[in-house]
Amino acid sequence: MQWLQTRQGVLAENVANADTPGYRARDLAAFEVPRRNAVPTPAQIVPTRTDPAHLVSAGDDPRWRHEKVATFEVRPTGNSVVLEEEMMKVTQTQVDYQLATSLYSRSIGLLKTALGRRA
């Protein structure tokens, strides 16, 4: 929850400085909790071609490769804040915070029920 609060503050600074010349939009690095025995994601699974008769996967064929292009805009004043993107990030952060708060409240309620303090 603290990470979400900090991110909300950083995003608010971006929105506040939307018209400041030379201001660069900032964001916090994604918060990920390492999991033991996690199932690998598709990006971690790499097919191996063991026989030349096997079909070539799209990842091996250069015709199917693409490079991810950075999606940022810079105005002539040097400002890189895009209000629409920032507001979408603010909304997503707010939804994530509400979800975390709801889960926390429900877990406290379960503990109170288990202790017999709640009917």
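Q: Buried means under 20% relative accessible area, exposed over 50% and partly exposed in between, taken with a 1.4 Å probe and protein chains only; which residues of helix 2 are buried?
A: This is a predicted model, in which local features need pLDDT of at least 70 and side-chain atom pairs count only at pLDDT 80 or more, while totals for chains, interfaces and linings use all residues. Residues are numbered from 1 along each chain as its sequence is written, and side-chain values use heavy atoms, with hydrogens and water left out. Helices (H or I, at least four residues) and strands (E, at least two) are DSSP runs numbered from the N terminus. Helix 1 (2-16) is included in what covers the buried residues of helix 2, and these residues are Glu-86, Val-90, Thr-93 and Gly-109.

Q: How far apart are the end C-alpha atoms of helix 2?
A: The expected span of a helix is 1.5 Å times one less than its number of residues. Helix 2 runs over residues 83-115, so its 33 residues should span 48 Å. The separation in the model agrees with this expectation, the end C-alpha atoms being apart by 48 Å.

Q: Which residues does Tyr-97 contact, leaving aside its neighbours within four places in sequence?
A: Tyr-97 lies in helix 2 and is partly exposed, with a relative accessible area of 29%. With contact taken as heavy atoms within 4.5 Å, the partners of Tyr-97 outside its sequence neighbours are Met-1, Leu-4 and Gln-5.

Q: Which residue forms a salt bridge with Glu-13?
A: A salt bridge is a side-chain nitrogen of Lys or Arg within 4 Å of a carboxyl oxygen of Asp or Glu. Glu-13 is partly exposed at 37% relative accessible area, and in its salt bridge the closest N and O atoms are 2.5 Å apart. The partner of Glu-13 is Arg-26.
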